[in-house]
Amino acid sequence: MQVATSREHKTSFHVIKHIVQSEGVVALYSGLSAGLLRQATYTTTRLGIYTWLFEKASGPNGEPPNFLMKACLGMAAGVVGSFVGTPAEVSLIRMTSDGRLPPAERRNYKNVLDALVRMTREEGLFTLWRGAIPTMGRAMVVNAAQLASYSQAKQALLGTGYFRENIFLHFCASMISGLVTTAASMPVDIAKTR
């Protein structure tokens, strides 16, 4: 819906119906290998960097950093993770939007490895990082909101005395973080995609 040139799709269900009718059910999973690689590179890098920075920024007795510091740590982790994950992101966007192109212009990548190799061979190595700057900018906003709000929500919930360190605490902190992150990231997400 974000890349549509007109208001052809009113809802997500309409987009799914259109894709299934015009390209088949399998098209709903085009780019799956790129999506998996993106998660394996971007998500693991940003969480690893954030955890390491969080431990470094914690006080001598293990007290957590303040919210502003958590937001800064989240931004730093997001920038590094998004830079590492940009090649998979470029592949994912190309693979998922291939069906919108006229048949003669489609790339028809077989999988993410094929996409990465062909992009490098046909367009040069730096093509893999096309759009890295807006992707990194988006990651700063998303990770500052997501990682910091999750840590802060967890800390605040524990402070109420009604929560213990368990799955319910993580669930509630994740829900709060999801709301904050969605509200903060939507404008930059639309700008990055377009």
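Predicted model: local features only at pLDDT ≥ 70, side-chain atom pairs only at ≥ 80, totals over all residues.
This section describes the fold, the surface and selected side-chain interactions of the structure shown above.

Residue numbers start from 1 along each chain as its sequence is written, and side-chain values rest on heavy atoms, with hydrogens and water left out.

The protein contains 6 helices and 0 strands, giving the pattern α-α-α-α-α-α along the sequence; helices (H or I, at least four residues) and strands (E, at least two) are DSSP runs numbered from the N terminus. The C-alpha trace spans about 60 × 35 × 25 Å along its principal axes. Of the 194 residues, 35% count as buried, where buried denotes under 20% relative accessible area, exposed over 50%, and partly exposed the range in between (1.4 Å probe, protein chains only). Among contacts (heavy atoms within 4.5 Å) between residues at least 6 apart in sequence, 65% join residues at least 24 apart.

A nonpolar surface patch is formed by Phe13, Ile16, Val20, Val25, Leu28, Tyr29, Leu32 and Leu36, with about 820 Å² of accessible area together. Helix H1 (12-23) and helix H2 (32-57) are the elements that give two or more residues to this patch, and the largest share, 3 residues, comes from H1. Patches consist of residues with over 30% relative accessible area and no salt bridge, like charges being joined within 9 Å and nonpolar side chains (Val, Leu, Ile, Met, Phe, Trp, Tyr) within 5 Å. Leu36, found in helix H2, is exposed, with a relative accessible area of 55%.

The structure holds 6 salt bridges, each defined as a side-chain nitrogen of Lys or Arg within 4 Å of a carboxyl oxygen of Asp or Glu. In helix H4 (112-123), Arg118 pairs with Asp114 at 3.6 Å, N to O, and with Glu122 at 3.3 Å, N to O. Arg118 and Asp114 are separated by about one helical turn, because they lie 4 residues apart in helix H4; Glu122 and Arg118 are likewise 4 residues apart in that helix. Both Arg118 and Asp114 are buried, whereas Glu122 is exposed at 52% relative accessibility. A further salt bridge joins Arg130 and Glu123 (3.6 Å, N to O), and a network of salt bridges links Arg94, Glu123 and Arg130. Glu123 is partly exposed, with a relative accessible area of 34%.

Ser149 lies in helix H5 (residues 132-159) and counts as buried because its relative accessibility is 7%. The side chain of Ser149 makes a polar contact of 3.1 Å with the side chain of Ser177, and a polar atom of the Ser149 side chain lies 3.3 Å from the backbone oxygen of Gln146. A polar contact is a pair of N or O atoms within 3.5 Å; within protein, one must be able to donate a hydrogen and the other to accept it, and residues adjacent in sequence count only if both atoms are side-chain atoms. Not counting residues up to four places away in sequence, Ser149 touches Phe67, Ala144, Ser177, Val180 and Thr181.

Asn108, in the loop between helix H3 (67-97) and helix H4, has a positive phi near 55° although the residue is other than glycine.

Terms used
Areas by Shrake-Rupley, 256 points an atom, 1.4 Å probe, with all protein chains shown as cover.
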